[in-house]
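Hi,

Here is the structure I promised to pass on. Have a look at it first, then read my notes below.

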Amino acid sequence: MKQALLVLLLFCLLLSMKAEETDYRKLLEASRLALAYNPLDTDAQLNLAYSHMMLGETDEALAQYQKLRQQNPRLSAAATGILWALSAKGDWKQIRKVGREFLADFPQEGMIHHYLAAAQAYDRKPHLARVGYLKAIALLEEPSLRALPEEGAGWAYLALDDYPAAAHHFAYLENPPEPKLAAKLRTGFAAKGSSARFLNLGTMLTHRSWQLILDAEEMLWEGEHFRWQLKATARKQLPHTDLNLSLQYLDGKDERIYPGKAASLALSPRIYVQTLLIRPRLAQHFSSWKRHNNYQTDLGVKLAYPPLTLNYTASRVYQDNEALDADTAHWVHTASTGLRIWCDLWLGAYAGFGDLAFFTNQAGSCTDDFSPGNAYYGLSLDAPLPGRLQLHLYHQIGIKDNDPIHFTSLGLSAAF
């Protein structure tokens, strides 16, 4: 009985599709007949091109729209029709080329903004796509047309790691996409100088506006266990801002330091200025060690104009020691930049200056060392590998007493 019902439903669907195709064939033939009497009939030309598109005859539709554009350059429907046909063909390069010309002629045509934004999204430029989609949304009033840039804006915001804004635009769709739990497993190895080695393992879980990162690391000194640490970081994305909480526990053989406990709380608003994303950052860190406590306040800003990012943070570190009148306070300045040089291939550069003893970086990791140096310079490379794998390479040169200290790490992550 169920099989018979399924066959009946499929038969009805085929009949419906056949009837719809027949309707467009009739419209196509009627348009050709009208053009036989009046070759300059604009409505008939538009109906002919539209029928070709609905029948999947994209090349014929494109040729008809281009012909109409030549005859009547001030007709916006011809321009949007060309972009429609090019998008169906996946010719994003041509859309970028002719779309700018069309936009100069019809700056208030929402669908032209939409197709240009889609081309920018295809080129992995979500900051440009976002602006184009928002312009299209502001100009389009027809719900069926406006749904297209609404969905595009949602995906652009997801690419910019802004789930609340994406959810806002997806809410306008009849069938909004259902976000899935994203998981990533990470492992790595690092070496510092000739004696210190680090082994780490971690995972990152992301769902909607929540993210949880768990990390474990063991440090070996001359081949023997010296210290291990556990860290958990939770992020909640609120409208217009991110809230981060990080907890860390360290234990090792150095009785002057361990055990150590640390906590970080950071607030990072999102400010969009056209195609530029500005991320101010305010963070407070607290760490407790065997003989002292540390209090650190960060004030920084990140500028993102993909594929380029710039980041600067000034940190005031106050160390509360057990001994009387032994407390210290100092500043640490850190900066970094990232550049996407091709697809998912990223190059990063890093630098830091100041007393780095028990300094907490932006990731919430503490430098558990009384004399780590007073400056560092680093380079990183992130490269995609087959099978949804990602390779991370990092090399840092630390300056301690005018001598360089080399630190190299190799990481591998897999997305599920």
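Gln120 is buried, with a relative accessible area of 15% (buried means under 20%, exposed over 50%, partly exposed in between, using a 1.4 Å probe and protein chains only). You'll find Gln120 in helix H6, residues 110-122 (helices are DSSP runs of H or I with at least four residues, strands are E runs of at least two, and both are numbered from the N terminus). Apart from neighbours within four places in sequence, Gln120 is in contact with Arg100, Lys125, Leu128 and Ala129 (contact means heavy atoms within 4.5 Å).

Before you go on: this is a predicted model, where local features need pLDDT of at least 70, side-chain atom pairs count only at pLDDT 80 or more, and totals for chains, interfaces and linings use all residues. Residues are numbered from 1 along each chain as its sequence is written, and side-chain values use heavy atoms, with hydrogens and water left out.

Now the charged pairs. The whole structure has 18 salt bridges (a side-chain nitrogen of Lys or Arg within 4 Å of a carboxyl oxygen of Asp or Glu). In one of them, Arg124 meets Asp344, with the closest N and O atoms 2.6 Å apart. Arg124 sits in the loop between H6 and helix H7 (126-139) and Asp344 in the loop between E11 and E12, so this pair ties together parts that are 220 residues apart in sequence. Both ends are partly exposed: Arg124 at 40% and Asp344 at 33%.

Another salt bridge joins Asp105 and Arg69, at 2.9 Å from N to O. Asp105 is in helix H5 (residues 92-105) and Arg69 in helix H3 (residues 58-71), so here the linked parts are 36 residues apart in sequence. Asp105 is partly exposed at 27%, whereas Arg69 is buried at 11%.

E11 and strand E12 (residues 345-354) pair antiparallel over 10 bridges (strands pair if DSSP finds at least two bridges between them). Val332 stands opposite Gly354 in E12. The hairpin of E11 and E12 has two residues between the strands, and Cys343 there takes a positive phi near 45°. Cys343 is partly exposed, at 29% relative accessibility. On to the next strand: E12 also runs antiparallel to strand E13 (residues 375-385), joined by eight bridges, and Gly352 has Tyr376 in E13 as its bridge partner.

Cheers
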